[in-house]
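Work through the exercises below with the sequence and the 3D view at hand. Each task is followed by its solution.

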Amino acid sequence: MSEAKTLPSGPQPDVKYPIQVIYCGNCSLPIEYCEYHPEYEKCKQWLERNLPNEFEKFVKLSADVSEEDATEEKKRQKRGGKGIVKARKKEDGPKQVCLSRAPRGKKKSVTVVTGLSTFNIDLKVASKFFGTRFACGSSVTGDDEIVIQGDVKDDLFDIIPEKWPEIDEDSIEDLGDLKR
């Protein structure tokens, strides 16, 4: 192979030792890494107030970034984990809670609750409430659907208006037995 460039070992003549790292007072990262923090704007404000010389260097570097990179930065996810998909609120449809029973295996069944998000009810909180109230498993599936293990459809007609007064018994509809 041809001669490969190797990194020089030992102290560099143009670097001042010991190397001092400047940390951001907002995110506690080195100021070179502030741009990866979710609150980058607050970091820039802190840098402008406390270290104006360093801020000028950052402004010169960030001015080189094109607008295309900025729009691409907004599209991608900032931190790890799955993107949280929040239930979309249906404003044009009628406000109605639908209850149905779906078979699960031979003798078991699940109760499906839909339409709670039209009343601006947090589905995760409602699922937790149903699970603790009925001592069973309960989960949020899909946009506006809660699946409760077991046939608790008859009890829900009394419990839902009791827990959430904005839902009256007239706005709860029984769809009967459905296949999932």
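**Exercise 1.** Which residue in E2 is the bridge partner of cysteine 98?

*Solution.* This is a predicted model, in which local features need pLDDT of at least 70 and side-chain atom pairs count only at pLDDT 80 or more, while totals for chains, interfaces and linings use all residues. Residues are numbered from 1 along each chain as its sequence is written, and side-chain values use heavy atoms, with hydrogens and water left out.

Step 1. Strands (E, at least two residues) and helices (H or I, at least four) are DSSP runs, numbered from the N terminus. Two strands pair if DSSP finds at least two bridges between them.

Step 2. E1 and E2 run antiparallel and are joined by seven bridges.

Step 3. Cysteine 98 has threonine 114 as its bridge partner in E2. Threonine 114 in turn has glutamate 145 as its bridge partner in E4.

Step 4. Three residues lie between the strands of the E1 and E2 hairpin, where glycine 105 takes a positive phi near 85°.

**Exercise 2.** Give the order of the strands in the sheet, then describe the setting of E2.

*Solution.* Step 1. The order is E3-E4-E2-E1-E5, an open sheet of five strands with mixed pairing. Strand E3 (138-140) and strand E5 (172-177) are the edge strands, each pairing on one side only.

Step 2. Strand E2 (residues 108-114) runs antiparallel to E4, and five bridges join them.

Step 3. E2 is largely enclosed by the rest of the structure, because five of its seven residues are buried. Buried means under 20% relative accessible area, exposed means over 50%, and partly exposed is in between (1.4 Å probe, protein chains only).

**Exercise 3.** Which residues touch the most other members of the largest nonpolar core?

*Solution.* Step 1. A nonpolar core is a set of buried Ala, Val, Leu, Ile, Met, Phe, Trp, Tyr and Cys residues joined through side-chain atoms within 4.5 Å.

Step 2. The largest such core has 20 residues, and those touching the most other members are Val97, Leu116, Phe130, Leu156, Ile160 and Ile167. At least two residues of this core come from each of E1, H4, E4 and H5, and H4 gives the largest share, five residues.

Step 3. Take valine 97, leaving aside neighbours within four places in sequence: its contacts (heavy atoms within 4.5 Å) include Leu116, Phe119, Ile160, Ile167 and Ile172.

Step 4. A second, separate core has nine residues, among them Ile31, Cys34, Tyr40 and Phe55.

**Exercise 4.** How many salt bridges are there? Describe three of them.

*Solution.* Step 1. A salt bridge is a side-chain nitrogen of Lys or Arg within 4 Å of a carboxyl oxygen of Asp or Glu. The count by this rule is five.

Step 2. Lysine 44 meets glutamate 41 at 3.8 Å, N to O. Because they are three residues apart in helix H1 (residues 40-50), about one helical turn separates them.

Step 3. Aspartate 151 and arginine 101 form a salt bridge with their closest N and O atoms 3.2 Å apart. The two are 50 residues apart: aspartate 151 is in the loop between strand E4 (145-149) and helix H5 (153-163), arginine 101 in strand E1 (residues 97-104). Aspartate 151 is partly exposed at 46%, and arginine 101 is partly exposed at 24%.

Step 4. Arginine 133 pairs with glutamate 162 at 3.8 Å, N to O. Arginine 133 lies in helix H4 (residues 123-134) and glutamate 162 in helix H5, so the pair ties together parts 29 residues apart in sequence. Glutamate 162 counts as exposed at 55% relative accessibility.

Step 5. Arg101, Asp151 and Asp177 belong to one network, joined by salt bridges that share partners.
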